[in-house]
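This report describes a multi-chain model, chain by chain and contact by contact. Please keep the sequence and structure in view while reading.

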Amino acid sequence: MSIEIRELTVRYGGTVAVDGVDLDLAGGKIYGLLGRNGSGKTSLLSAIASYRKPSSGIVRIDGEEAFENPRVARRTCFIRDTLDLSDSDRLRTALDLAARLRPTWDGSYAAHLIEVFGLNPRKRVSSLSRGQRSAFGVVLGLAARTPLTILDESYLGMDAVARTLFYRELLDDYLRHPRTIILSTHLIEEVADLFERVIIMDRGRVIVHDETDALRGRGVTVTGPAEAVTSFVAGHAVLGEQSLGGVRAVTLDGHFTAGDIERGEAAGLSFGPIGIQDLFVHLTSQPLEASR
Amino acid sequence: MFHDRSPIYLQIAEGIKNDILSGSLEEDQQVMSTNQYAAFYRINPATAAKGFAQLVDEGVLYKRRGIGMFVSPDARARLRAERRERFFAEVVAPMLDEAKRIGISVDEIVKHLGEK
Amino acid sequence: MTVFSTLFRLYRPILLIFWGIMLVVEVIGLVVIDHAVGPNKFSFWIVMAGAAIKYWPLVAGILVISLHMKLFVANGITRGEFLGGMGMFAVGLTALFAALVVAGHAVESTLLGALDLRAATYPVFTLDGALSEFGHLLPGSMAYMVTGMLVTAGFYRWNPWIGVPLIIPGAIPLAVSDNLVRFDQFGETLHRLPYGPAVVITLTVVVAGFLVLYSVMRDTPIRRTSG
């Protein structure tokens, strides 16, 4: 399902969590939503899923206003890290409820996932470990098979094996049943390959929304004699820099042409690509209080 | 499998080209579908599709409607010609630059290679 | 309809256990009274079940708002749809409870009559009186349930600083029903006002309370489970 967000603001008292965001997400893709703690990821997702009414602005899904819209609600599934369950219920009760209420629910797929993650449907929600709780959230989110599926930090407490199973199931099910999936995460490196597009939030705003592949190799580190580096990078957006003696290393957001690089190398500079994780760190590492 | 310092679709295209050059993919042989490729390498299918589209654009692969993608009959020869051209510019030239910088003469290099 | 039937399904196990326990306590109570006191001066069933049809819906009203709403929203039901279905559930649940009180009274009265264990003050069950009994029990039960919902809504929608003072207006339906329509274990009904106006006023307050609830909860944020 396609999502259209216009001038969305989410406020808690005096705190602005989402600050005038405009965002268009085409349907049928897997999106990665990245951002530091407190950057507004969960608030943005809550507004998209209508868990929270926008303080101002609008969320449209497939062209319709999303808030309190039954057609949109039926086709949207939002799994929060805390899970919206009754702790005293057994897993089976929660699964039955989803089966009753969700027209798109796939019970046999849910059973398959329960087995993959080694969960026991007779157990109570309150008895689950943090990782099992997250795994159960993944079961509910994927088996709902909704055209819009939103998973907010659904890997919390999962060990490396469980996370691998999660990513595998997510991709396999997406290949069989393509739909719009938004996944928020801090663990960029291990999932980036699954994302078609990446959205990076910082202090309530969307600072990057691009193809994941376009971000690979988007950042460049230029290293060399301080003066040569300084004159070479003039006019580019500098993300970070460090100096040691007469050597300066500057990280830039952008591309250089082959000609630029040749010219730079002739001047004694060296160029190195940076990964998505590093780009993310550089883009969002300004102190948080600067915005307050 | 993939690193994230350059776009994966380019890495995919490069990997398939290497397979064609080494002979592990033969001419007119069918290649994996984008979904199979995505599932196998655990990557987003759109990324895989972009890599394949690049190869179709370059004429390395061709599509058969409703069946899939195949290695072009002349792919290997063309890739080889292309790589041979690049070999001197991208492999030999930097080597000669480095040799010059550290005082190794061309004769010395030729002699070294002759011993191999 | 889905919300209505699903809520009943969720409550079915506790309802069965609860009324099962009531039945056991009733039997034990009657045996004890028979041995210790003699003929029944009042209806033991109405003492118990009459209290239960107030406090049970009150607690259910608290739970549907604080616990069940988010379960439905998390499964693709809008707040509006949930609140509508919950309203029907409230009517159904309280009507069921009132009917069970009346039916239990009928059985108790018949049984005690057959065993000659009814004292003069015992409210003998009659078919004519059944409807009046039901009519005096249902509005109170509904009022308690809507009070449970309203009181919880203040805490849910806002926070304890707002929720605590809102308990007072939230309790208006409960207070009105307690003072206007009642049916007790001696079969006494309240006569502060004639039944007609008393019921109209009570139901008006109940409906008004529900409409306030609907408008307050229609755009509430869905709270996170802590932890």
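Which residues touch the most other members of the largest nonpolar core?

## Basis of the model

The model is predicted: local features need pLDDT of at least 70, side-chain atom pairs count only at pLDDT 80 or more, and totals for chains, interfaces and linings use all residues. Residues are numbered from 1 along each chain as its sequence is written, while chains are lettered from A and ligands numbered from 1 in the order in which they are written.

## The largest nonpolar core

A:Val139, A:Ile150 and C:Val146 touch the most other members of this core, which has 154 residues. A nonpolar core is a set of buried Ala, Val, Leu, Ile, Met, Phe, Trp, Tyr and Cys residues joined through C-beta atoms within 7 Å. A residue is buried if 20 or more other C-beta atoms lie within 10 Å of its own, exposed if 12 or fewer, and partly exposed in between, with C-beta atoms placed from the backbone.

Helix 2 of chain C (residues 44-73) gives the largest share of the core, 15 residues. Helices (H or I, at least four residues) and strands (E, at least two) are DSSP runs, numbered from the N terminus. Leaving aside residues up to four places away in sequence, A:Ile150 touches A:Leu45, A:Ile48, A:Ala49, A:Cys77, A:Phe78, A:Ile79 and A:Ile182; two residues are in contact if their C-beta atoms, placed from the backbone, lie within 7 Å.

## Chain A

Chain A has 11 helices and 14 strands, and its C-alpha trace spans about 70 × 40 × 35 Å along its principal axes. Of its 292 residues, 45% are buried.

Strand 12 (residues 238-244) and strand 13 (residues 247-253) of chain A run antiparallel and are joined by six bridges; strands pair if DSSP finds at least two bridges between them. The two strands form a hairpin with two residues between them, and A:Gly245 in the turn has a positive phi of about 60°. A:Leu244 has A:Val247 as its bridge partner in strand 13.

## Annotated spans of chain C

An unreviewed UniProt entry places the feature "transmembrane region" at several spans of chain C, including residues 45-67 and 134-151; such annotations may be inferred rather than shown by experiment. Residues 45-67 of chain C are 100% helix and 0% strand, with end C-alpha atoms 31 Å apart. Residues 134-151 of chain C are also 100% helix and 0% strand, and their end C-alpha atoms lie 26 Å apart.
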